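Please look over the model below before reading on. My notes come as numbered points, with the chain contact taken up before the single residues.

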Amino acid sequence: MSAPERDLLSFDHIPDPAAAVARRDAPVATPPTERSLTRSERRSRLVLGLVIALVWVVAFTLRSGLRADLSLMVVGELAIWVATGAGALAIALHPGARGLSLGVRVLAVVLWSVPAIFVASALAWSLDASPFTLTWANARACLGLCTVLGAGPLFLACVLFRRAFAVMAPWRLALLGAVCGLSGSIGCQAHCPIGAASHVLVAHGLPIVIGALIGAAYGALRGRT
Amino acid sequence: MDETELNAAMDRYACGDSAAFALVHRALHPRLSAFLTRMTGSPTLADDLVQETFLRMHRARATFAPGAAVLPWAYAIARNVHFDHTRAARLRRTERLPSDPGAEPVDDAGSDVESAAIAAQAARTVEHVLARIPAAQRDAFVLIRYEGLSVQDAALVLGATPTAVKLRAFRAYEALRAELEDLRGVSGGGASERRASLREEEARDAGGSRAAKKGAAGSAEKRGAP
């Protein structure tokens, strides 16, 4: 047993300055009159929010037009990203063993995994891509589309998860933000035929990072219950 | 009320059963009140923060997961309330009203006057040390020592790893133990003189510039620290 663990066992001799307060009886209380959601109402809202987010991404992608070379390989790449997003979403919302959250290490690993999987698959799928020079002119349109696609779900997430997490709100909302950014990347990848790594990473991938940063900031300011 | 019943009551409240609020309130109020008193050092302020905690629990009842444990959840919300309060007030330590006596001392019923006075002083010392140490250390120590949470639950509440929480609690414990040992030495008599002579010796050995650091080093030497 390490020194800290050994000494943790002897905490009991430290007197409690609030021992008398802890023994007080609770005053009689009535439930607050303010209206608050019940669990089933919240579940319905979450499902509705998820449906709206999906409709948003699919509708904007179809409106922009699907790429002409939508091969099985591209669909496979998109499927990997969809699976990554779904997994990250499930982990961000998972209540964990005690109903609070999964551990901070798990959240951190998953948060890093989302852009890592995106980068790895983008690099793998761009090996046989034709040479391409990245410029602001050719990146701007895709960056704009990704941002619009990801902004809708991110806005919904900010509304639905305002003051919703008792613990680790910045981490969990950063993860949700990254998933929203990834949804934009998926939609854009289904639209844009340019397969060069530089273009995919910058023009399609940047919204993942931006989404995670916005989510983390929102979580720190408005995410905690 | 045991923890299973309390969790079931909160579960019913999350599903919309308003009558379950009274049960949850009765079981949690003394614990949250004591927790926030330890955090703020002021029962008056703690009462206000407890009200805010219950209001937030009411607003967020739908987020209480089925089968979850209500205690860590409630402590996490209470900690958020305290955090928001200190951030808003931009105060490191809570200011007390002149009429606020501070945390109440340990129960002294049945003991003699001298031991009651010593217990009260020890409680006050603990309160002062808790107010002085970094918030992360105080939170970890209070949750483990006074609220009885496991290291894993405390880590979840604090959003840190169990190892980090253990270390923070241990550092808080060391600070408290040092102060309490000093207090015992003082009440045993002659400790302040010993401390003064140690400081004088140290000042003579180290010279004027190092004498400024005498407090920490002197007390560490006295405690037998390496």
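Predicted model: local features only at pLDDT ≥ 70, side-chain atom pairs only at ≥ 80, totals over all residues.

1. **Extent of the interface.** The area buried between the two chains is about 5200 Å². Carbon and sulfur atoms supply 62% of that area. On the chain A side, A:Pro17, A:Arg39 and A:Arg98 lose the most area to chain B. Together these three residues make up 16% of what that side buries.

2. **Polar links across the interface.** Six salt bridges cross between chain A and chain B. Polar contacts between the two chains come to 15 residue pairs, counting pairs with both residues at pLDDT 80 or more.

3. B:Asp11 pairs with A:Arg39 in a salt bridge, with the closest N and O atoms 2.7 Å apart. B:Asp11 sits in helix H1 (residues 3-14) of chain B and A:Arg39 in helix H3 of chain A, so this pair joins two chains. Are the two partners buried or exposed? B:Asp11 is partly exposed, at 23% relative accessibility. A:Arg39 is buried, at 8%. A:Arg39 is also one of the residues of chain A that lose the most area to chain B. A further salt bridge links B:Arg38 with A:Asp16, and here the closest N and O atoms are 2.6 Å apart.

4. The side chains of A:Arg224 and B:Asp84 meet in a salt bridge at 2.8 Å, N to O. A:Arg224 lies in the segment after H9 of chain A, while B:Asp84 lies in helix H4 (residues 70-89) of chain B, so this pair also joins two chains. A:Arg224 counts as buried, at 13% relative accessibility. B:Asp84 is buried too, with a relative accessible area of 15%. Which residues do shared partners tie into one network? They are A:Arg224, B:Glu52, B:Arg56, B:Asp84 and B:Arg87.

5. **A bridge within chain A.** Over all chains, the count comes to 16 salt bridges. One of these pairs A:Arg67 with A:Asp69, the closest N and O atoms being 2.9 Å apart. A:Arg67 is buried, with a relative accessible area of 8%. A:Asp69 is partly exposed, at 38%.

6. **Cysteines.** The count of disulfides over all chains is zero. Where is the cysteine sulfur nearest to that of A:Cys142? That sulfur belongs to A:Cys192, and it is 3.5 Å away. A disulfide needs the two sulfur atoms within 2.5 Å, so a separation of 3.5 Å leaves A:Cys142 in no disulfide. Seen from A:Cys192, the nearest cysteine sulfur is that of A:Cys142. A:Cys142 is buried, with a relative accessible area of 7%. A:Cys192 also counts as buried, at 4%.

7. **A:Ser126.** This serine is found in the loop between H5 and helix H6 (136-160) of chain A. A:Ser126 is buried, with a relative accessible area of 11%. Its side chain reaches the backbone oxygen of A:Leu123 at 3.1 Å. Leaving aside residues up to four places away in sequence, A:Ser126 touches A:Gly195, A:Ala196 and A:Ala197.

8. **Chain B as a whole.** What secondary structure does chain B have? Chain B comes to eleven helices and zero strands. Of its 226 residues, 47% are buried. Among contacts in chain B with a separation of 6 or more, 62% are between residues 24 or more positions apart.

Definitions and conventions: Residues numbered from 1 in each chain as written. Chains lettered and ligands numbered in written order. Heavy atoms only, no water. Buried area = accessible area lost by both parts, 1.4 Å probe. Salt bridge = Lys/Arg side-chain N within 4 Å of Asp/Glu carboxyl O. Polar contact = N/O pair within 3.5 Å; in protein donor to acceptor, adjacent residues only side chain to side chain. Helix = DSSP H or I, 4+ residues; strand = E, 2+ residues; numbered from the N terminus. Buried < 20%, exposed > 50% of the residue type's maximum accessible area, 1.4 Å probe, protein only. Contact = heavy atoms within 4.5 Å.
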